[in-house]
Amino acid sequence: MAVWASRAYLRWYKSFNTATTESLDNSPRPWDTFDDEQHRFVEVPLSPRVCTIVGANETGKSHLLGAIEKVLSGVATTAKGEAAPYSSHDICRYSGMLTVAQDLWPELGLEFTYDDRTERDSSVSALGFGNKVAGLPGNSFRVIVRGGS
């Protein structure tokens with residue numbers, strides 16, 4: 001396996017919400033900044049060895065898979081098999097951010113790890129990520145999708 005998703009980032013997306021406005025380790029992270037404040041993403045570690053997600057009803061399993069699909073393709077498949085495009089309606093209604101900005105969108109992202117730089121470049125190109133890619137130390141890169149971009 002040359003490139004795999006190693007972490008999901010979700011902020012204000014459906015059931016994924018965090019009320020904190022500062023970094024838990026007090027180290028500012030540029031991708032957590034919104035309106036000059038730190039609003040942490042919910043981070044979900046992923047593994048290339050995991051093939052199932054288990055949990056109680058209404059715990060966000062489908063929301064997590066939908067978010068990953070929306071980062072990769074811009075749409076997610078609903079339980080009825082319909083395409084659900086990424087939109088501002090995906091905002092978590094409990095986030096407290098709805099009163100901050102009328103056009104606020106949830107923000108989604110994936111961190112990818114790779115073995116080979118050529119495979120990394122091919123994956124970035126094939127998925128159409130272009131300038132959305134931020135390099136990370138080591139063999140990883142991050143893609144954050146904001147405002148329907």
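I began with the contacts of Ser-87. Setting aside neighbours within four places in sequence, I find Ser-87 touching Trp-105 and Pro-106. I note that this is a predicted model.

Next I looked up where Ser-87 sits. It is in the loop that links strand 6 (83-85) to strand 7 (107-114). Is Ser-87 buried or exposed? Its relative accessible area is 18%. The cut-off for buried is under 20%, so Ser-87 counts as buried.

I then moved to Val-71. I place Val-71 in helix 1, which covers residues 61-73. Its relative accessibility is 7%, so I log Val-71 as buried.

Which residues does Val-71 contact, leaving aside neighbours within four places in sequence? I list Leu-108, Gly-109, Leu-110, Phe-129, Val-143 and Val-145. I took one of these partners, Phe-129, and checked the C-alpha separation. Val-71 and Phe-129 are 58 residues apart along the chain, and their C-alpha atoms lie 9.3 Å from each other.

Last, I stepped back to the whole chain. I count two helices and nine strands. Along the sequence their order reads β-β-β-β-α-β-β-β-α-β-β.

I also looked up burial for the chain. Of its 149 residues, 37% are buried. The accessible surface is about 8,800 Å². Carbon and sulfur atoms account for 51% of that surface.

My final entry is on contact range. I took the contacts between residues at least 6 apart in sequence. Of these, 64% join residues at least 24 apart.

Methods
Residues are numbered from 1 along each chain as its sequence is written. This is a predicted model: local features need pLDDT of at least 70, side-chain atom pairs count only at pLDDT 80 or more; totals for chains, interfaces and linings use all residues. Side-chain values use heavy atoms; hydrogens and water are left out. Helices (H or I, at least four residues) and strands (E, at least two) are DSSP runs, numbered from the N terminus. Buried means under 20% relative accessible area, exposed over 50%, partly exposed in between (1.4 Å probe, protein chains only). Contact means heavy atoms within 4.5 Å. Accessible areas come from the Shrake-Rupley method with a 1.4 Å probe; for residues, only the protein chains shown count as cover.
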